[in-house]
Amino acid sequence: MYKKFIWIVTCLMLLVFAFTLNDNAFGAGSGGTDVSFWFYNWTGFDTGANISQIKDNISQIKVFEKFNSEGLLTQVLFDHYDSNGNFVKGLASNGTPIFKFNNSDEPRSIVIAGTHGNEYPSEAAAFKLINTLYENKYKIKGTIYVIPMSNPKAALEVQREYFGYDPNRVANNSSTFSGHIVNEVVLKENVSYVGDFHTMYDTRLKLIFAASGYPKSEKISKVIADKTNSEYYLSPNKGTITVTCAEHNLSSFTAEVEDGNNYGIILPNRDQWSYEQMLAYLDYTQNYVEDSNNRNSSGFGANSDLSDVGHDFVSNTFPISRTGFPLLFLLFLLFLLICGFYSWNKNNK
Ligand SMILES: [Zn+2]
């Protein structure tokens with residue numbers, strides 16, 4: 001009887017340990033933070049990306065070197081595996097990846113970069129943000145979406161536009177790809193906060209544009225401008241992602257950093273400025289509050305921790321939970337417990 005008691009207590013302790021592991025290893029809070037990426041196929045659009053051609057060209061784009069080769073960019077855009085483990089061509093051929101960090105329902109925010117393909121600082125900043133969020137996912141609250149390269153062909157060919165129109169003037173038209181971002185991602189996913197990140201050729205270094213006449217947009221824009229020493233302006237342009245989202249009563253803004261009309265390179269600090277605008281935004285929404293003394297100002301950090309994300313991808317399946325392993329572990333312990341009881345009873349007959 002004494003032995004049986006010890007066995008039960010041991011098993012219970014193991015189960016408690018496994019539950020603890022489940023929480024701690026995969027983020028804060030009761031459920032942890034799920035990190036997934038899904039692939040948005042712009043309905044009716046072909047991104048026009050010739051994978052093999054672009055993959056050759058990308059090595060010439062110094063900005064993305066950190067993400068090339070075995071890095072995140074290559075895995076997400078070019079190399080991934082379907083649910084059967086077969087290598088398939090990259091995602092940029094007919095859509096673009098959207099990253100989702102989910103801890104709880106609210107607040108729901110989105111970071112969009114690369115609507116104008118050749119505005120590299122914000123795209124590089126978005127990749128850096130993805131790495132930061134992944135490494136610090138226990139600090140995430142609510143739901144954060146990141147589209148790091150919303151116009152992949154234009155980005156990879158160093159062009160502003162691809163579809164024959166300025167995508168940031170036609171977001172109010174649902175048949176355009178920027179209109180799809182608003183309708184099929186922002187509105188369908190019930191996103192409340194929208195940050196659209198760009199670069200510009202201007203005498204001013206950092207700008208935050210609000211949708212003029214929309215209080216929510218003006219409020220968030222003023223706060224982020226203030227936090228990042230960016231100048232605050234009202235946008236005169238209709239059909240921008242920001243104005244279109246403001247018309248849907250969302251808190252939206254456009255962030256700009258000056259890039260000296262330099263495409264294909266990033267001037268010093270521009271990626272960092274854009275990244276800081278993103279952090280100030282997610283701080284405002286309370287999605288991600290970073291310790292000020294923990295801020296990494298050294299440009300790109302190691303992105304190797306995210307290198308396994310691509311292999312988790314199951315084609316067009318969303319979301320992909322990263323809590324699968326601890327759950328399996330729990331089931332295994334339960335199995336051990338049952339086996340233990342069975343053999344103990346058998347031995348004592
Ligand atoms: Zn732009």
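This is a predicted model: local features need pLDDT of at least 70, side-chain atom pairs count only at pLDDT 80 or more; totals for chains, interfaces and linings use all residues.
Buried residues, defined as those with 20 or more other C-beta atoms within 10 Å of their own C-beta atom, the latter being placed from the backbone, make up 44% of the 349 residues in the protein chain. Residues are numbered from 1 along each chain as its sequence is written. The protein chain contains eleven helices and ten strands, taken as DSSP runs numbered from the N terminus (helices: H or I, at least four residues; strands: E, at least two). Of the contacts with a separation of 6 or more, 78% join residues 24 or more positions apart; a contact requires C-beta atoms, placed from the backbone, within 7 Å.

Helix α9 (residues 270-284) comprises 15 residues and spans 21 Å from its first C-alpha to its last, close to the 21 Å expected at 1.5 Å a residue, where the expected span is 1.5 Å times one less than the number of residues. In α9, 13 of the 15 residues are buried, and the helix is thus mostly covered. Just after α9, Gln286 adopts a positive phi of about 70°.

Helix α4 (residues 120-135) packs on α9 at an angle of about 55°, the axes lying 8 Å apart. Axes are lines fitted to C-alpha atoms, for helices over the stretch in contact, and angles run from 0 to 180 degrees between N-to-C directions. The two helices α4 and α9 are therefore oblique to each other, a class left after angles under 35 degrees (roughly parallel), over 145 (roughly antiparallel) and 65 to 115 (roughly perpendicular) are assigned. The crossing of α4 with α9 is right-handed, that is, the near helix is turned clockwise from the far one by less than a right angle. On the α4 side, Pro121, Ser122, Ala124, Ala125, Lys128 and Leu129 meet Arg270, Asp271, Ser274, Tyr275 and Met278 of α9. This contact has six nonpolar, two polar and three charged residues (nonpolar: Ala, Val, Leu, Ile, Met, Phe, Trp, Tyr, Cys and Pro; charged: Asp, Glu, Lys and Arg; polar: the others, Gly among them).

Helix α7 (residues 215-228) also packs on α9, at an angle of about 130° and with axes 9 Å apart. That angle makes α7 oblique to α9, and α7 passes α9 in a right-handed crossing. Here Ile220, Val223, Ile224, Lys227 and Thr228 of α7 meet Glu276, Gln277, Ala280, Tyr281 and Tyr284 of α9. The residues of this contact divide into six nonpolar, two polar and two charged.

How values were computed:
Two residues are in contact if their C-beta atoms, placed from the backbone, lie within 7 Å. A residue is buried if 20 or more other C-beta atoms lie within 10 Å of its own, exposed if 12 or fewer, and partly exposed in between; C-beta atoms are placed from the backbone.
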